[in-house]
Amino acid sequence: MHCNHSARSHWLTAFLLVVLALPLGACGLTARQKDAISKFAVATQQLSDVSAAELTQIRSDTVMLRTEMMAINPKSVDLTSRAEDLDGPCNLDALDVRLKALSALKSYGSLLNSLATDDVSANVSASATTILGNLKQLKSLNLTDDKAQVIGTAINALSNLAIEGYKAKTVRKIVPRLNPAMIAIATLVRDDLDPGVVGGFASGLNNTIHEKIDDTLVKYVELLQPGTGSTAEDISAKKAALSTLQADCARVDSQLKNAQAQIQPAITNFSSSSSSLMVSVTSTDVSSDDIDAYFVQVTNLVRIYKAIRGSF
Amino acid sequence: MPGQTVSEIASQLTTAKRRLDDLWDAYPDQRNEIYDKIVRIDSEIETLISNTIDEKSKAYQAVLSQLETANQELDAARTNIRNFANAMSLIAKVADTISSIVTKA
């Protein structure tokens with residue numbers, strides 16, 4: 001009689017644990033949220049890769065064009081000035097912080113997705129099976145195969161619910177906190193890579209092409225006269241070099257404009273997926289898929305409860 | 001030019017340069033002086049762009065810091081989950097040892 005009472009209190013505790021786990025399971029990430037995280041991870045990778053490549057290319061093109069420009073007019077570049085040296089306004093430290101931020105953005109999307117999709121249920125299940133296999137050998141426990149199976153199912157269910165709840169709690173804490181940074185980086189990248197927005201990498205290259213070379217350097221060459229420190233051969237060579245430089249400018253300008261076809265959709269996709277993720281993570285709306293998922297969880301827990309009652 | 005946006009300042013400098021372009025065509029005998037003024041405006045524009053890029057670098061740095069913190073938290077969360085699974089595995093090993101001892105006894 002005493003033993004019976006003790007066993008009942010044990011399994012009542014187990015049942016209470018299952019009931020307590022119900023809200024924990026309901027707090028796990030939904031299929032819709034996992035989908036939003038997956039899309040966000042893809043968008044961060046696209047934006048990071050495309051933007052990092054374009055920013056690096058812009059600085060490289062700036063250095064190339066300004067080196068050619070300096071060969072024609074050494075005074076057109078000031079190697080002692082941060083703004084007017086060979087890389088113009090596109091300085092290495094400015095590029096470096098941008099590449100680091102984009103790389104961190106890519107890691108953020110990837111880590112978020114990994115957290116949401118990491119599956120340790122196989123490890124937990126294997127451990128539970130081992131534990132029960134050993135407990136069954138302890139004859140004093142009088143653990144039958146049926147009872148062991150019920151306990152194993154309960155351990156698995158509770159462990160996985162706890163893990164999924166922890167994942168969701170982490171995501172719901174970090175995503176809203178980082179949302180302003182996501183909006184900021186989308187604006188920063190868009191402005192940096194738009195030649196029409198003053199104060200970005202693209203506008204720096206655009207200025208070198210259209211103002212420093214196509215306007216000012218052309219005027220410089222027009223001013224050259226034989227006998228004022230330059231021979232006719234020098235002037236002829238500089239005019240030829242200017243033609244080559246102008247051809248390079250036209251090619252780089254075309255590449256800069258074509259890059260927009262890749263960059264703009266990547267920025268739009270990133271902003272859209274970031275916004276969807278934020279809405280999905282903070283929304284209290286429940287979809288029919290979510291209800292189905294909850295129903296499966298509840299059904300499983302009820303099944304465990306019934307098995308516990310039936311077994312003991 | 002306090003209170004003006006970068007775009008407004010850049011627009012004024014570019015307008016001034018276009019006026020000098022007009023003077024370049026209108027007064028061929030004064031091109032050396034006009035050229036010097038054009039070079040000075042170019043310098044102003046490049047400094048403006050460079051300063052703005054540097055300002056934006058600070059904004060990138062702020063975003064970078066937030067992302068690095070978040071990435072550390074996400075990494076730690078993944079480690080915690082793996083540790084949980086490892087702890088289960090450890091319990092299994094302990095149960096195995098206890099079972100062996102009890103069985104032998």
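Guide: Start with Leu20(B), which lies in helix α1 (residues 6-26) of chain B. Helices here are DSSP runs of H or I with at least four residues, strands are runs of E with at least two, and both are numbered from the N terminus. This is a predicted model, where local features need pLDDT of at least 70, side-chain atom pairs count only at pLDDT 80 or more, and totals for chains, interfaces and linings use all residues. Residues are numbered from 1 along each chain as its sequence is written, and chains are lettered from A and ligands numbered from 1 in the order in which they are written.

Visitor: Why does Leu20(B) count as partly exposed?

Guide: A residue is buried with 20 or more other C-beta atoms within 10 Å of its own, exposed with 12 or fewer, and partly exposed in between; C-beta atoms are placed from the backbone. Leu20(B) has 18 C-beta neighbours inside 10 Å, so Leu20(B) is partly exposed.

Visitor: What is Leu20(B) in contact with, leaving aside neighbours within four places in sequence?

Guide: Ile34(B), Lys37(B) and Ile38(B). Contact means C-beta atoms, placed from the backbone, within 7 Å.

Visitor: Why are α2(A) and α7(A) called roughly antiparallel?

Guide: Their axes come within 8 Å and cross at roughly 165°. Axes are lines fitted to C-alpha atoms, for helices over the stretch in contact, and angles run from 0 to 180 degrees between N-to-C directions. Under 35 degrees is roughly parallel, over 145 roughly antiparallel, 65 to 115 roughly perpendicular, and the rest oblique. The pair is therefore roughly antiparallel.

Visitor: What makes up the largest nonpolar core?

Guide: This core has 82 residues. A nonpolar core is a set of buried Ala, Val, Leu, Ile, Met, Phe, Trp, Tyr and Cys residues joined through C-beta atoms within 7 Å. α5(A) gives the most, with 18 residues. Ile185(A) is among the residues with the most contacts inside the core. Beyond four places in sequence, Ile185(A) touches Ala101(A), Leu105(A) and Val63(B).

Visitor: How many residues does each chain bring to the contact?

Guide: Chain A brings 54 residues and chain B brings 49 residues. On the side of chain A that touches chain B, α3(A) supplies the largest share, 13 residues. That side divides into 29 nonpolar, 16 polar and nine charged residues. Ala, Val, Leu, Ile, Met, Phe, Trp, Tyr, Cys and Pro count as nonpolar, Asp, Glu, Lys and Arg as charged, and the others, Gly among them, as polar.

Terms used. Contact = placed C-beta atoms within 7 Å.
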